[in-house]
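User: Hi! I'm new to reading protein structures. Could you walk me through one?

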Amino acid sequence: MNAPRAFRYISTDRRVREDRRFVVGKGKYIADIAAEAMLHVALVPSQHAAARIVSIDASRALALPGVHGVVDGAELAAACEPLMNGLDTPHVQRYPLAVGATRYMGEWVAAVVAETRAIAEDAAERVDIVYEALPHVIDAEEAYKSSSTPVHPAHGSNVLLDRVFNWGDVDEHFAASDSQLSLRVTWGRNATVPIETFGVLAQWDPWGAVLDVNASIQMPKYADQIARALRLPMNGVRVHYDVDVGGSYGVKRGIKHSVLTGYLARKLNRPVRLLEDRLENMRSGDAHGPERIFDIDVAFNSDGVINSMKMRALDNAGAYAGRAPFQLGKPIGAIVGPYRIKSVHYHAISVTTNKAVEEAVRGFGQSPTNYAIEAMVDRVAEAVGVDRIEVRRRNLIRSDEFPYLIPSGTRYDSGDYHTVVDKVLTHVNWPELVAERDRLRDEGLMAGIGVAACLEPSGGNSSFEPLLNPKNTTTTWMESCRINIDALGDINVAIHTTSSGQGHETLVATAVGEALEIDPARIRVTRPDSLSSLPGNSPVGSRMAIMLGGAAFKAAEKLKDKFRAIGAHRFGCAVDAVNYCDGNLSHGEQSLKWLDVVAIAHRHFHELPPGAEPGLEASFIMQTPTGEALPTPDGRVQMYPCHSFEFHIVLVVIDPELGKPDLRRYVIGHDCGVVINPHIVKGMTLGGIAHGIGAALLEEFVYDADGQMMSQSFMDYLLPSASEIPHVEIVHHCTPSPLTVFGQKGSGESGYLGAPAAVSGAINDAVRALGIRFEKLPIRTTAISDAIAEAKLKGRLP
Amino acid sequence: MKSAPFTYCRPASVTEACALLAADEDARLIAGGQTLVPMMAMRLARPTALIDIARIPELAFVRREGDHIEIGAATRQAFAEANATVALDLPLLARALPWIGHSAIRNRGTIGGSIANADPAAEIPLVLATLGGAVVVQTPRGRERFAARDFFLGPMTTAIPADGCLVEAHFPVWTHQRIGACFTEISARHGDFAYVSAAAQVALDDNGSCVACALGVGGATAQPTQLAVDLTGARINETTAREKLSVAIETLDMMTDPHASPAYRKRAALALALRALLAARDEALAKRART
């Protein structure tokens, strides 16, 4: 288990096949797909944080030439089922358009369909809506109070989830510890804001009774949800998966857009396309990430060994439920991070407020939790006066302790955390890095080093669903692959999902090539539509290397078994005695070439073993490794199967007057087991770090006290650009997972899961001498400068 | 993000442009469109007509005229950035231009467009104000020259009459032997609108004493502000400069927005103005004195 196997194609330096079409501008994105006589949608947003819809008058809009229709929430509510909620909250009903009341600024109140998007926007301005403002609540703590105004009066309160878990002897461990401390850290509302906004094209075929859907989608159970909402059979919805998705990392859920567009296409009997513009995406796309307040009590010994932790996590889910509350559940699978914390008290709270709806974002809640854990470990180190890295070393799970069962019921598969830390420290020359920081301080700059260790749970199952919603007993979370070797012996592999940059075509070609011992460049990968697809759950939860890679490999193994059976029949030997090498079969002196086997399978039924099916096809539907059991009554569950490890070190220099942080050095140690394609993993990691730097320093969806969104465009929602991202040095390590076909683990969230903690830690190290501590992300340039100035004014200058 | 309907015309001359402008009070001039087009896309600006002056030949030039350089309003920022006359005779403008957005923006954005738009954080207006330059505006009644201090009235507000078209910007040329210039700014990210920007140009005599000094800050106040700081007659030293700058900046009325408080702007204005000044001084000192 410890040493990775030798591979022919896996882990080798091979091109990412998708890159070719993207680099030359030949990707097929949703905006590239048009249908004849297609109509366009524009939305009418609410300007109120909360308001009753008194009346909607579309007559002026409908009078405009080129306008084909205007629909509102009342019409949709009569014709559709509410969108799916993750939790058992039947009275928090959500439709694509506001029904009766609007619950956040920007919420769509009406949809206008016209010949062009420009006409639709002109008409949208002519939809006359009378509102009556209602009380609103923006702040999560405020919303949690029983006295707060419920966003959904029928639900009775703003509380979607309020659950306390006790895993282990928390009280005993607190009592037995030398010390304890408390901290509060806050994760600002950010997201993955993709270059391409969400888009969907729906066409209704009344003669076939099928709704064709092309969308920029990354969504589990997408076709199911459309079918349920539109009261169609699921075989009446055909989702096309051969659409390139221009960025997602969780947020391309677009279910309300898709149900709305599907409804409009059926109603108007014309193809209808909705492409969000940037404003619609940012204020109304329901694609904001977690916004979370953590209150932590931690019990530890004087040597820095952490015994127990109490964590209260209060998440601001926005105006509707969706899947957002589950983002408090997924981190339960790594609630102690990479550390040997013996017991945990976890209080998970999700509340509704009058903000845009929270959706899945890279890591599904793990990055905020990792940030809180790492802030806690830094505070423990400070309290006991032990170096931050040494404290981490004393708490990290040792390599000989795997598989390691954490208090909340998940078993970590494998890891070698101390070795990764040592490799990184050697790479950066730790004493020299510390000396450099101190030299910079001597020059009058504020310099600091940040450290973060964390896990990326991967192989996504959905164990948080039954854990947080007793009515949900889902334990199946499969992914599928189908391989067909055609009559000329060429290999076709089908996958059953869209991709948003993860390189799935490269992944499955590599996995199948490895199994069949055939150059992956010879393997075609296609994406049938949902009506021709095997079941799957889409690329979420860092699962596809494990699940799609696993399904592809196992389908290929089944195919090899068919090869061997044909060989055994010809050779007159046992199946086990047939040797498969480079696609050819042999037994002693006898041999069958690849094309001989193809000929037998496709054309020579008389040479097939008795009872064998003709052709060469194999499918594999793979269940996630582990996690097949329902949670225990005390809330322990096996969450994701595999656990990648990352260890970040950052050197930051802050201009003491202007406050601007400059990341001078960024090093990450990364262990995601066996890497399938090094370029893809590198790209994921670099992008994840950039995203994490954005979360730490720049990105936030800001609302004012009136519920008005202050960062509706890229003027105010600041994404890091190439100028803000330092060169990143990656130190590799490979601890294979014993649970996966090649030893691979997930890497789709790598970098992002530790970067915010590391950058924040670096800034706090830089300003520590002034008695300043930043405990809310993002940490803005101006806030740093203001805090330094205030500290100097109070004479805290060292 | 589609603009409200509008008509578009491309007049051949400034006279024609002014006539079109006078005929429709909701018409707007467009040159590079780097501010106006996004504003229109978000329907925050809704002109009935766009009068495109970007290709009027008489508006694109850089020429020396007496003690100043005149730049045509529709001259692209990228053109000015690469222009040898600007590089040689307008060191402060040359230093400022690369701070404007990103190169793609400067390829379209014009010198006059930035001045007429009068964003408090814009770089070219700050250079014009710092050097005490002027602009020329044409209306159906003729041409009128405005000193920079009389021209920038507030955020996005200038002295241009409703039927006026900015046609030229005049930047004074310094002829001293030892000149140094520096432009610097602070923003959240490279290329963003500055929270605060600072411009400094100094001339030193053979002994290193300051003989001319121009200082300004942008982004901080409602319009680009020339700082009333006289450092001539002596060598520029940091202590004295800091004191004088503090006094000058203390009196300024700082803007506020969600990104930066007035206190931040004041602090950054002092820090950046001082840095710009000292960098300009050092650049001038590095130039050879007459022997």
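User: Are A:F364 and A:F464 buried or exposed?
Analyst: Both A:F364 and A:F464 are buried. Keep in mind as we go that this is a predicted model.

User: Okay! How far apart are the ring centres of A:F364 and A:F464, and at what angle are their planes?
Analyst: The centres are 5.2 Å apart and the planes sit at 35 degrees, so this pair is called tilted.

User: And where do A:F364 and A:F464 lie in the chain?
Analyst: A:F364 is in the loop between β15 and α10 of chain A, while A:F464 is in helix α14 (residues 464-468) of chain A, so the pair ties together parts that are 100 residues apart in sequence.

User: How many aromatic pairs are there over all chains?
Analyst: The count is 19 aromatic pairs over all chains. One of them is A:W187 with A:Y371, whose ring centres are 5.9 Å apart with planes at 55 degrees, so that pair is tilted. A:W187 belongs to strand β8 (residues 179-187) of chain A and A:Y371 to helix α10 (residues 366-384) of chain A, so the pair ties together parts 184 residues apart in sequence. Both A:W187 and A:Y371 are buried.

User: Which residues do ring pairs link into a cluster?
Analyst: That would be A:F7, A:F553 and A:F742.

User: Switching to sheets. What is the strand order in the open sheet of seven strands?
Analyst: The order is β3-β5-β1-β12-β9-β10-β11 in chain A, and the pairing is mixed. At the edges stand β3 (67-72) and β11 (237-240) of chain A; each has a single partner strand, so one side of each is left without a neighbour in the sheet. From one strand to the next, the twist averages 25 degrees.

User: What holds strands together in general?
Analyst: Strands of a sheet pair through backbone hydrogen bonds, in either a parallel or an antiparallel way.

User: What about the open sheet of three strands, what's its order?
Analyst: There the order is β22-β23-β24 in chain A, with antiparallel pairing. The edge strands are β22 (579-581) and β24 (590-592) of chain A, each pairing on one side only. Three bridges join strand β23 (residues 584-587) of chain A to β24(A), and A:L592 in β24(A) is the bridge partner of A:L585.

User: Which helix lies across β22, β23 and β24 of chain A?
Analyst: That's α16(A), running at about 140 degrees to β24(A).

User: And at what angle do α16 and α17 of chain A pack?
Analyst: Helix α16 (residues 544-571) of chain A and helix α17 (residues 594-603) of chain A pack at about 90 degrees, with their axes 10 Å apart. The two helices are therefore roughly perpendicular to each other. In the contact, A:F563, A:I566 and A:R570 of α16(A) meet A:W594, A:V597, A:I600 and A:A601 of α17(A). Those residues divide into six nonpolar, no polar and one charged.

User: Last topic: why does A:H670 count as buried?
Analyst: Its relative accessibility is 3%, and buried means under 20%, so A:H670 qualifies. A:H670 lies in strand β27 (residues 661-671) of chain A. Leaving out residues up to four places away in sequence, A:H670 touches several residues, including A:V420, A:F645, A:H732 and A:S750.

Key: Residues are numbered from 1 along each chain as its sequence is written. Chains are lettered from A and ligands numbered from 1 in the order in which they are written. This is a predicted model: local features need pLDDT of at least 70, side-chain atom pairs count only at pLDDT 80 or more; totals for chains, interfaces and linings use all residues. Side-chain values use heavy atoms; hydrogens and water are left out. Axes are lines fitted to C-alpha atoms, for helices over the stretch in contact, and angles run from 0 to 180 degrees between N-to-C directions. Helices (H or I, at least four residues) and strands (E, at least two) are DSSP runs, numbered from the N terminus. Angles under 35 degrees count as roughly parallel, over 145 as roughly antiparallel, 65 to 115 as roughly perpendicular and the rest as oblique. Contact means heavy atoms within 4.5 Å. Ala, Val, Leu, Ile, Met, Phe, Trp, Tyr, Cys and Pro count as nonpolar, Asp, Glu, Lys and Arg as charged, and the others, Gly among them, as polar. Two strands pair if DSSP finds at least two bridges between them. Rings of Phe, Tyr and Trp (its six-membered ring) pair if their centres lie within 6.5 Å; planes under 30 degrees apart count as stacked, over 60 as edge-to-face and the rest as tilted. Buried means under 20% relative accessible area, exposed over 50%, partly exposed in between (1.4 Å probe, protein chains only).
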